[in-house]
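Hello,

Here is the structure I promised to hand over. Have a look at it first, and then read my notes below.

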Amino acid sequence: MLRLENPIQNYAWGSHSAISRLLRGTAPSEKPEAELWLGAHPKAPSRVLPSGESLATLIEREPDRLLGANLTARYGARLPFLLKVLAAESPLSLQAHPTLEQARAGFDAEEAAGIPLDAPERNYKDRSHKPELLCAVTPFTALCGFRAIADTRELLSTLRSPRLGYVSEILTQLRTEADLRPIFAALMTAPKERRAELAQQTLDRCTDLAAFDGPFQKEFSWAVRIGMLYPGDVGIVTALLLNLVRLAPGEAIYLPAGNLHAYLQGMGMEIMANSDNVLRGGLTPKHVDVPELSRVLDFHAGPVGVLQGEAQGSARVYQTPAPEFELQSFEVRPTEAPQVTDRRGPEIVFCEQGQLALECAGETLALAQGQSLFVAANEPGYAIRGEGRLFRASVGRG
């Protein structure tokens, strides 16, 4: 078991208090703290204490011991998953992630074109897909996937925006729930002046409607906030086409490749395939590539499934189709000592709350709030003692 020191990403949408209180017990932080990365991604790997060596470098040197021979044969000398603490004070960009085949093709094409990895116009930073799961730690709000067409028709009818009339007409003519591509294309490829006018009128109408109780008031209220943050960005309209999802602590959502989404506010544990491939469609000062985003988007419409987690002994397990990762949470009490015996490879454990300790092969390591450990594949099972909440990231069961 190896103690980890984990890097913080200071993005503009981050919180000045959530991660700071979690790690240091103080607030506010000088810069917005958006994400705490726990893993071995080349961009920002965790470091092993007390040596300070990169976890990615250590895995490259000893893959069979740390990952296990089977996992190394499947993924190479690379940790398959990346765990994050995400703290959103304001909305993130509208974004989606590619499939594995799309990521490989995109990365190879940009490499062949000679686009540097750190270039702002670079879409693909690696050759991996990025399915992900977000488990709420605090109440969490997100936009996730296209809303069912009938419900979006009702929203637009409530909005009564003359400039959005053509969107309603397209929705009326749609034959299937998988045919939202023409609406997205019409919005995102309109002339700049038309997009700005559409965004402003949508903001004005949402401002009026958000002031009163009624259908879609919460959707309109979030649109107002988005429109104020990103004036003239037609992403305010796209946001109104997506499901507004509100998670209670312990609830989760799974985002497969192609799912258009934007986290809006809250703190959560996020686990994903070990990738940093993001294709953006608006609500950001960063690079936006509408044609490439359109190519990878899944335009199916419908409600979002909220995961409650499955109780398995002392753990709550959030299973997904992704073979690269699985997330579990443990509510540990002083009178109990959950035993972890279903070891399938490397793990990262993170103490989100309280004071805990891991007992493994005669060794005991204490974990205070905000601290984490890497558990190598060759370690046996372990017990968790103390009082608090622990998240366990491991490879999936597929």
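This is a predicted model: local features need pLDDT of at least 70, side-chain atom pairs count only at pLDDT 80 or more; totals for chains, interfaces and linings use all residues.

**Around Phe-146**

Residues are numbered from 1 along each chain as its sequence is written, and side-chain values use heavy atoms, with hydrogens and water left out.

Phe-146 and Phe-299 are both buried (buried means under 20% relative accessible area, exposed over 50%, and partly exposed in between, with a 1.4 Å probe and protein chains only). Their rings form a stacked aromatic pair, 5.7 Å centre to centre with 20 degrees between the planes. Rings of Phe, Tyr and Trp (its six-membered ring) pair if their centres lie within 6.5 Å; planes under 30 degrees apart count as stacked, over 60 as edge-to-face and the rest as tilted. Phe-146 lies in strand S9 (residues 140–146) and Phe-299 in the loop between helix H12 (290–296) and strand S14 (310–312), so this pair ties together parts that are 153 residues apart in sequence. Helices (H or I, at least four residues) and strands (E, at least two) are DSSP runs, numbered from the N terminus. Ring pairs also bring in Phe-184, giving a cluster of Phe-146, Phe-184 and Phe-299.

The structure holds five aromatic pairs. Another of them joins Tyr-11 and Trp-13, and this one is tilted, at 5.8 Å centre to centre and 40 degrees between the planes. Both Tyr-11 and Trp-13 are buried.

**The cores**

Which residues have the most contacts inside the largest nonpolar core? They are Phe-146, Phe-184 and Phe-220, in a core of 50 residues. Helix H9 (residues 192–210) gives the most to this core, with six residues. A nonpolar core here is a set of buried Ala, Val, Leu, Ile, Met, Phe, Trp, Tyr and Cys residues joined through side-chain atoms within 4.5 Å. A second, separate core has 37 residues, including Leu-36, Val-48, Leu-83 and Phe-391.

**Pockets**

The largest pocket has a volume of about 770 Å³. Its lining counts 36 residues, and Tyr-11, Lys-43, Asp-276, Arg-280 and Lys-286 lie nearest the centre. Strand S12 gives the most to this lining, with four residues. By class, the lining of the largest pocket has 16 nonpolar, eight polar and 12 charged residues (Ala, Val, Leu, Ile, Met, Phe, Trp, Tyr, Cys and Pro count as nonpolar, Asp, Glu, Lys and Arg as charged, and the others, Gly among them, as polar).

The second largest pocket comes to about 460 Å³. Of its 21 lining residues, Tyr-75, Arg-78, Arg-127, Ser-128 and Asn-274 lie nearest the centre.

On a 1 Å grid over the protein atoms alone, a pocket is an open set of points with protein on both sides within 12 Å along at least five of seven lines, a cavity is a set where a 1.4 Å probe fits but cannot get out, and lining residues have an atom within 4 Å of a point. Grid points are joined across faces, edges and corners, and a volume is the space filled by probe spheres set on the points.

**Cavities**

How many cavities of 30 Å³ or more are there? The count comes to two. The largest cavity has a volume of about 50 Å³, and helix H10 (217–229) and strand S10 (242–247) each supply at least two residues of its lining. H10 gives the most, with four. The second largest cavity holds about 40 Å³ of space, and Phe-146 turns up again in its lining, together with Arg-147, Ile-149, Thr-152, Leu-171, Leu-180, Ile-183 and Leu-241.

**One last residue**

Leu-365 sits in strand S19 (residues 363–368) and is buried, with a relative accessible area of 14%. The C-alpha atoms of Leu-365 and Met-1 are separated by 8.2 Å, although these residues are 364 apart along the chain.

Best wishes
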